Structures are given as C-alpha cells and as structure tokens.
Amino acid sequence: MSRFSQPDPELGHRLSRRGMLGVAAGATAAALLGAAAPGTAAAATASTGTASGAKGRGRPVLPPGRLGIQLYSLRDKVSTLGFGPVFAELERYGYDEVEFAGYTQGSAGPITLAQLKRLARNHGLNPIGSHVGYYSSDPGAYTFAQNLTKVLDDAQALGLRHIGTAAGPFRYGSTVDAWKRAAEDFNTYGAAAKARGMKFYQHNHSEEFSFATDNPKIRLYDILLKETDPDLVYLEMDIYWAYVGQFRFSTRPDGTPAPFEPLNYVLRQPDRYPLFHVKDGESDPSNPYGYRMTDVGDGDIDYQRFISAVTRLRGHRMAHHWQAEHDNPAESFTFARRSSAHLHSLREKC
C-alpha cells in the first residue's frame, strides 16, 4: 500500500502515530507461520553476505549489532499476535534492536513493561528508543508536555537509552520565534532525560525542512539545530523524509534556489544523530513528495553511500543505530525480512 494514496500522507502519518500500536489490523497467526521459514533463510543469507544486491567483497556497511526496526511498521502484527511472536520473527530475521511506538498490544491483550523488557531481551533484542507525543490539548495525554515524569518513568523501566518524539516542533506555529519556543521545550525534556541517563531526540518528517513563514530565508530545521542544546537534544534523521524534504524545499517560496543534502547535516554534526530511520523510496518526480515509499532495497536511496559515509567517520562506526521502517508495508513481516537481508548484504567499496 502506498502511503501517498492519502490526500495528505505526511499529515496522515503524524495523526496515525497518535493511535500507536493499540490499533488492531487484519493480520492472523497464519501470517506468522507463513513468514517463519523465509525469515530463517534471510537471517542465514544476511550473515554470509550472499543476499541479492551485495555490493562487492568489502567490509559490511552495517555495523554489527546496530540493526533495529521501528515497531510502528509491525503494528498490525503486534496488535493481533502480540510482542512475543513478533520479537521471535525479528530475531530470526537478524535484527538486534527495536524502537517502540507504544507499549500496548491492542487486541492481543495487556502486557507490563517488565514483561515487555524481558521478552525483548529473551529474543536478543535491545530496546533502543521510543516515540512519544510532544504535546496535546488533553492535560492527561501521554506526551512530553503533559506527562513528562510518567514518560521518563516508563522509558527508564524499559531500560531505554533514548526517548523521543516523531512530532514536529510546530506547537506554536512556523515562525522563527515559534520554533525557538519549541526548542526551549525540547531543551527542557532533554535536560530531564539526561538526568536519568537517557537522550531525548526528535524524528523529522519533510516539513521540518520548509521555511519560516515570517522569514522565508531561514529553514526551520536550521532553527531547531541552532536553538537546541547539543548536549540535551538529539536528532533521529528519517532519511526517507529528509530526501522528500530535499525534493520539496530546495527552492524558497520566492523561487530562489536553496539546495541542501541531508547527509551533510549528519556529517557536520554526527554526534547529534545517534539514531536513523532507514526507509526507502522510488523516485517519482510527478508525485508532490518526489518519492513513493518502498521496502528497503527496492527504492532509489543509496544506503551503501549514506551509511558508509557516517560509519567511516573516525570513532563513529558503532556510534549510531539504524532502524528499518515502512509506514504502510504491503506485508509487514515480508518488509522486515527483506529489509534486513538487503542491509546486511551491503558492502563498502574497496
């Protein structure tokens, strides 16, 4: 299913995340059984580096122990099968880490944080981070703005090293001052997370790369970088959405060129990007977003180049975590299996 079938796919994505993993979908246990055998084969193929698409005989592009998956991509399976069967599949596929998008199982029944942490560990999966809402008009909402202490308590109970939000800093609007205010919020959350030994992070979509409405010479993402304390606020670059941003916002509203390269943001400040979302897209200039989302390896984003450029930086090979994601995969276990096989197959150029 293409996420661009929605009238406003990016807005739809942000709104759909509010429901997180409590939303049930039409998957069955048969899907789990049907995916088990291919998953085992994929993990074995990935470990030998002989999967299709292998790029030579150099060092693996993907650092060992650093492949994760954003569980939003598997929300249909979590809500029908539960975390345990999903984690078992991810273990077979060769994943090392998981990033949460909610801690409930929907129709699969209740689970405690202690049980969830133990399940992940039992399947060799490191809970690396989680997405939580930024703010809400509901004072009781589970967001950073409304329930910071509870959000951090839960993250600490799961042993998370990172806790963040996929919401853009649009709480106060799209002006320069509005984003400065949002940056102050993020600094507050970052200080509270740091006090507990965690890193607060923000995950981008493409709109963050648009321009301030009161000063169209200034890119909003640059305000976020400048106004947040680098010791308190970190970024999780969603690489796909960053390239959508490049397609959409390489020209200012007045028509003057404003090109940028997403990778350069990372290379200039690599310490600010502990996490990445690895999702792929097929280039389609006729589409207003420039790409159509695909399984990792089926699109046109050069992950051999991108991951290699980051991990070749001195001291940075093991400093980052790479989370596969697809917002609306046609079959989520198939997406997870194929994405792992492709990323494990990539080799650095000799």
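Because the model is predicted, local features are reported at pLDDT of at least 70 and side-chain atom pairs at pLDDT 80 or more, whereas totals for chains, interfaces and linings use all residues. Residues are numbered from 1 along each chain as its sequence is written, and side-chain values rest on heavy atoms, with hydrogens and water left out.

The chain contains twelve helices and twelve strands, taken as DSSP runs numbered from the N terminus (helices: H or I, at least four residues; strands: E, at least two). Of its 350 residues, 55% count as buried, that is, under 20% relative accessible area with a 1.4 Å probe and protein chains only, where over 50% is exposed and the range in between partly exposed. The accessible surface amounts to about 13,900 Å², and 51% of this belongs to carbon and sulfur atoms, the areas coming from the Shrake-Rupley method with a 1.4 Å probe. Among contacts (heavy atoms within 4.5 Å) with a separation of 6 or more, 77% join residues 24 or more positions apart.

Helix H7 (residues 176–194) packs with helix H8 (residues 220–227) at an angle of about 40°, the axes being 9 Å apart. H7 is therefore oblique to H8, a class left for angles that are not under 35 degrees (roughly parallel), over 145 (roughly antiparallel) or 65 to 115 (roughly perpendicular); axes are lines fitted to C-alpha atoms, for helices over the stretch in contact, and angles run from 0 to 180 degrees between N-to-C directions. On the H7 side, Val-176, Trp-179, Lys-180, Ala-183, Phe-186 and Asn-187 meet Leu-220, Tyr-221, Ile-223, Leu-224 and Glu-227 of H8. Within H8, Leu-220, Tyr-221, Ile-223, Leu-224 and Leu-225 are buried, and the elements covering the buried residues of this helix include H7, strand S5 (199–203), strand S7 (215–219) and helix H10 (262–268).

Two single residues illustrate other parts of the chain. Thr-311, found in helix H11 (residues 303–311), is buried at a relative accessible area of 3%; beyond its neighbours within four places in sequence, Thr-311 contacts Val-61, Pro-63, His-316, Arg-317, Trp-322 and Glu-348. Glu-282, which lies in strand S10 (residues 280–283), counts as partly exposed at 44% relative accessibility. The C-alpha atoms of Glu-282 and Met-293 are separated by 6.4 Å, although the two are eleven residues apart along the chain.
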